[in-house]
Amino acid sequence: MKKKIRVVQFGVGPIGASIARLAREKTSLEIVGAIDRDPAKAGRDLGEVAGAPDAPWGVAISARAPAALDQPVDVVLHATSSGLEDVMDELLACISAGCCVVSTCEELAYPFRKHPELSAKLDAAAKEEGVAIVGAGVNPGFVMDKLVLTLAALAQRVDSAKAVRVVDAAKRRLPLLRKIGAGLAPEEFRAQVAAGAIKHHGLPESVAMVADGLGFVLDDISETIEPVIAEEAVKTEFLAVAPGQVAGVRQLARGISGGKEKILLELKMYAGAKRPTDTVELKGEPDISLTIPGGAHGDIATAAVAINAIPAILAAPAGLRTVRDLPLAFFPPNPIA
């Protein structure tokens, strides 16, 4: 590429740090700024906070978006929260600065069913500024939606779709272990589920994306969350899970049409999971199945999808886009013109 793409990293938690480190490896990207609401990170070097071996980078983290966005910026890589309502002000600030946005906000992956008004607001704002915005990641954003629809290109007819993701959370970061309730007593787990504190966001969004992509008209999208109870002790880098405690979650989302289950998404994410895999099955003409042994590593794949979406979002029509719309492909470290 003749001109480097100027990017700003918004959010420097574990995922944001991973995205920033990967962005640093791309010769066609130039990191020109960073934003994080944590006062303890303000003023510090992005490379040092991100744990990069080649730090410092000479990029200071700002506590406020305007300070980092008051310069020419092509794309903001946004990684702060799962809920769309929680990040609306951040996304609108990026859009109003004239930036395209790639966000790991799970509810942004396909927000039209749950947040129709917020979706319309983002779409209108992006079109007014002539930029595009997308929610991207591994799940939602690829394994349980984009990959399902991509495999369906091999089918003449699809009657139903199923995706199962088994993740060993013992190898993941502390915030995720807490989000799935690892180490809690079963009764405490259920109380936190009822309070909305324990949940992997995005399964209903993936069901809606797959339904629209396959032409299914759904009567209902439902979701259930149950604990996976540890049968043996599991020790992770951050915490230990004793037998009888919660190791993680089994979460199912279903899309029902005419009383029939058309879409089933099952996420089993718990410490000590045996044989992690990602599996997609399509029933139709013909039946199609794909298994990824070991599964996609959530943190690594999320950063990859976010970075690999940059060329597509820059080329996309203005407005709110989804990974269903975008021709995602690998973004080489040294692109050949």
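Is Asp 74 buried, exposed or partly exposed? Asp 74 is partly exposed, with a relative accessible area of 24%, where buried means under 20% relative accessible area, exposed means over 50%, and partly exposed lies in between, using a 1.4 Å probe and the protein chains only. Before selecting anything else, note that this is a predicted model, in which local features need pLDDT of at least 70 and side-chain atom pairs count only at pLDDT 80 or more, while totals for chains, interfaces and linings use all residues. Residues are numbered from 1 along each chain as its sequence is written, and side-chain values use heavy atoms, with hydrogens and water left out.

**The whole chain**

The C-alpha atoms fill a box of roughly 50 × 50 × 40 Å, taken along the principal axes. The radius of gyration is 20 Å, which agrees with the value near 20 Å that a compact globule of 337 residues would have; the radius is taken over C-alpha atoms, and the globule rule is 2.2 Å times the number of residues to the power 0.38.

Of the 337 residues, 54% are buried. Among contacts with a separation of 6 or more, 73% are between residues 24 or more positions apart, a contact being heavy atoms within 4.5 Å. If you now show the surface, its accessible area comes to about 14,800 Å², of which 52% belongs to carbon and sulfur atoms, as computed by the Shrake-Rupley method with a 1.4 Å probe.

**Salt bridges**

Next, select the charged side chains. A search of the whole structure finds 17 salt bridges, each defined as a side-chain nitrogen of Lys or Arg within 4 Å of a carboxyl oxygen of Asp or Glu.

Asp 74 lies in the loop between helix 3 (65–69) and strand 4 (75–78), and Lys 3 in the segment before strand 1 (5–10), so the pair ties together parts that are 71 residues apart in sequence. Lys 3 counts as exposed, at 56% relative accessibility.

Then select Lys 41 and Asp 36, whose side chains also form a salt bridge at 3.6 Å, N to O; both of these residues are buried.

The next pair to select is Arg 173 and Asp 299, which meet in a salt bridge at 2.5 Å, N to O. Arg 173 is in the loop between strand 7 (157–168) and helix 7 (174–179), whereas Asp 299 is in helix 10 (residues 298–308), so this bridge ties together parts that are 126 residues apart in sequence. Arg 173 is buried, with a relative accessible area of 18%, and Asp 299 is buried as well, at 15%.

**Helix 10**

Nine of its eleven residues are buried, so helix 10 is largely enclosed by the rest of the structure. The buried residues include Gly 298, Ala 301, Val 305 and Ile 307. To see what covers them, show, among others, helix 1 (14–25), strand 2 (29–35), strand 5 (100–103) and helix 11 (310–315).

**Leu 151**

Move to Leu 151, which is in helix 6 (residues 146–151) and counts as buried at 13% relative accessibility. Leaving aside residues up to four places away in sequence, Leu 151 touches Val 280, Leu 282, Ile 288 and Leu 290.

**Backbone details**

Most residues other than glycine have a negative phi, and most peptide bonds are trans. A cis peptide bond joins Ala 55 and Pro 56, with omega about 5°, and Pro 56 is in the loop between helix 2 (46–49) and strand 3 (61–62). Another cis peptide bond joins Glu 285 and Pro 286, with omega about -5°; Pro 286 is in the loop between strand 13 (277–285) and strand 14 (288–293).

The last stop is Arg 275, in the loop between strand 12 (260–270) and strand 13. Phi of Arg 275 is near 50°, a positive value in a residue other than glycine, and Arg 275 is exposed, with a relative accessible area of 71%.

Terms used
Helices (H or I, at least four residues) and strands (E, at least two) are DSSP runs, numbered from the N terminus.
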